[in-house]
Each structure stands twice: as C-alpha cells, then as structure tokens.
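The sequence and the structure are shown first.

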Amino acid sequence: MSTLFALSFFVTVPFWALMILAPTWRMTRTIIGSPWITLVPLVIWAIVAVPVLGAMWSLVTSPSLAAITDAVADPAVLTALWAQIIAWDLFLGRWIYLDSRDRGIHPLLMAPLLIGTILLSPIALPIYLIVREVAGRVAARSSSASQEDPIPA
C-alpha cells in the first residue's frame with residue numbers, strides 16, 4: 001500500500017514539472033490542456049478504493065470526525081484519500097496554469113504559486129485569485145492609458 005501511496009504523487013510530477021519548468025513550451029499547453037491528466041492519480045484511487053468502497057461510502061454519507069479518524073487508520077482508505085487529494089491539487093493547478101497563461105501572467109510569478117498549489121492548495125488558490133484580480137486591473141489600466149494617450153503627429 002505504501003508503494004501506491006507514493007506513486008499517487010509521483011505520477012503527477014511530470015505534469016507539475018511541465019507547468020513550472022516549461023510553462024511557455026507549446027507542448028506543455030497541449031498536454032496540460034487535457035483534463036484527462038487528472039485521471040492518472042485517480043486510477044490509483046480506484047485501485048485502492050474499490051475494495052474499501054463500502055467503508056468510504058459510509059464516511060461520506062454519515063460523516064463524523066470519529067468515523068473518519070478510525071477509517072484513516074486503514075492504509076487503503078488513507079491511500080485513497082491521499083490519491084484523491086493529489087488528483088484535486090493537479091486539477092486545481094491545471095486550472096491555475098491555463099487561466100494564468102490566458103491572462104498573460106508571467107511564468108516567474110506563477111512558478112511559486114504552482115509549487116504552493118502542490119503543497120497547500122487551500123492557501124494557494126486564494127493567493128492566485130488575488131494575483132489574477134490585480135493582474136486584470138493592471139492590464140485594464142494599461143489598456144485604457146494607451147487608448148487615452150494620443151500619438152503625436
């Protein structure tokens with residue numbers, strides 16, 4: 001089970017590496033543009049979750065802290081939960097990457113944010129939303145300033 005636990009992250013490393021280390025490469029956009037990349041860790045989720053699906057179903061239909069605490073003592077349940085978290089982080093990182101590229105946010109600003117998404121996506125997402133808002137306002141100001149300044153004849 002520990003191998004699948006570790007593998008659930010390592011199968012996503014190539015996608016993270018493309019977004020962080022080669023963000024402007026044409027193939028990065030093509031590869032990351034596919035929502036199917038998030039299925040890679042979800043295959044591991046399925047492998048470990050199917051045998052414990054009954055236990056996991058009761059956790060989501062009648063959640064309690066005590067029940068979840070007991071359930072994660074089972075390596076299969078914990079591995080499935082970890083694979084789900086990794087898949088979600090990749091899904092979110094993919095969206096952040098694609099959105100930032102569409103908005104022209106510089107890759108050097110985005111690299112630390114994408115690393116933050118790997119490590120703590122609940123913190124990285126609001127930070128990105130702030131960066132996105134500020135970048136949009138800066139772009140709007142520069143656009144309106146260039147339209148107001150007449151070119152001398």
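The text below treats helix packing, then an aromatic pair, and then individual residues.

**Helix packing**

The structure discussed here is a predicted model.

Helix α1 covers residues 2–10 and helix α4 covers residues 39–49; their axes lie 8 Å apart, at an angle of about 160°. Since angles over 145 degrees count as roughly antiparallel, α1 and α4 are therefore roughly antiparallel to each other. The crossing in which α1 passes α4 is left-handed. On the α1 side, Leu4, Leu7 and Ser8 take part, and they meet Pro41, Ile44, Ile47 and Val48 of α4. Six residues of this contact between α1 and α4 are nonpolar, one is polar and none is charged.

Helix α4 also packs against helix α7, which spans residues 75–103. The axes of α4 and α7 come within 8 Å, and the crossing angle is roughly 160°. The relation of α4 to α7 is therefore roughly antiparallel, and their crossing is left-handed. From α4, the contact draws on Pro41, Leu42, Ile44, Trp45, Val48 and Ala49. Their counterparts in α7 are Ala76, Thr79, Ala80, Ala83, Gln84, Ile86 and Ala87. By class, the contact of α4 with α7 comprises eleven nonpolar residues, two polar and no charged ones.

The remaining pairing joins α1 and α7, whose axes come within 9 Å and cross at roughly 0°. Because angles under 35 degrees count as roughly parallel, α1 is roughly parallel to α7. Leu4, Phe5, Ser8 and Phe9 contribute from α1, while Leu78, Thr79, Trp82, Ala83 and Ile86 contribute from α7.

Leu4 and Ser8 of α1 are listed both in the contact with α4 and in the contact with α7. Pro41, Ile44 and Val48 of α4 meet α1 and also meet α7. In α7, Thr79, Ala83 and Ile86 take part in the contact with α4 and in the contact with α1.

How many aromatic pairs does a search of the whole structure find? The search finds four. One of them is formed by Phe5 and Trp82, and this pair is stacked, with 5.2 Å from centre to centre and 15° between the planes. Phe5 belongs to helix α1 and Trp82 to helix α7, so the pair ties together parts that are 77 residues apart in sequence. Phe5 is partly exposed at 31% relative accessible area, and Trp82 is likewise partly exposed at 30%.

**Individual residues**

The table sets out the relative accessible area of selected residues.

| Residue | Relative accessible area | Class |
|---|---|---|
| Thr28 | 0% | buried |
| Ile37 | 6% | buried |
| Ala76 | 9% | buried |
| Ser34 | 22% | partly exposed |

Thr28 is located in helix α3, which covers residues 26–32. Not counting residues up to four places away in sequence, Thr28 touches Leu18, Met19, Ala22, Pro23, Gly33 and Tyr97.

Ser34 lies in the loop between α3 and α4. Ser34 and Arg94 are separated by 60 residues in sequence, and their C-alpha atoms are 9.1 Å apart in space.

Ile37 is placed in the loop between α3 and α4 as well. Among its contacts, again not counting residues up to four places away in sequence, are Phe15, Ile31, Ile32, Leu90 and Arg94. Between Ile37 and Leu78, which are 41 residues apart along the chain, the C-alpha separation is 22 Å.

Ala76 is part of helix α7. Leaving aside neighbours within four places in sequence, Ala76 is in contact with Met1, Val48 and Val52. The C-alpha atoms of Ala76 and Val50 are 9.6 Å apart, and the two residues are 26 residues apart along the chain. Val48 also meets α7 as one of the α4 residues in the contact between those two helices.

How values were computed. Residues are numbered from 1 along each chain as its sequence is written. This is a predicted model: local features need pLDDT of at least 70, side-chain atom pairs count only at pLDDT 80 or more; totals for chains, interfaces and linings use all residues. Side-chain values use heavy atoms; hydrogens and water are left out. Axes are lines fitted to C-alpha atoms, for helices over the stretch in contact, and angles run from 0 to 180 degrees between N-to-C directions. Helices (H or I, at least four residues) and strands (E, at least two) are DSSP runs, numbered from the N terminus. Angles under 35 degrees count as roughly parallel, over 145 as roughly antiparallel, 65 to 115 as roughly perpendicular and the rest as oblique. A crossing is left-handed if the near helix is turned anticlockwise from the far one by less than a right angle, and right-handed if clockwise. Contact means heavy atoms within 4.5 Å. Ala, Val, Leu, Ile, Met, Phe, Trp, Tyr, Cys and Pro count as nonpolar, Asp, Glu, Lys and Arg as charged, and the others, Gly among them, as polar. Buried means under 20% relative accessible area, exposed over 50%, partly exposed in between (1.4 Å probe, protein chains only). Rings of Phe, Tyr and Trp (its six-membered ring) pair if their centres lie within 6.5 Å; planes under 30 degrees apart count as stacked, over 60 as edge-to-face and the rest as tilted.
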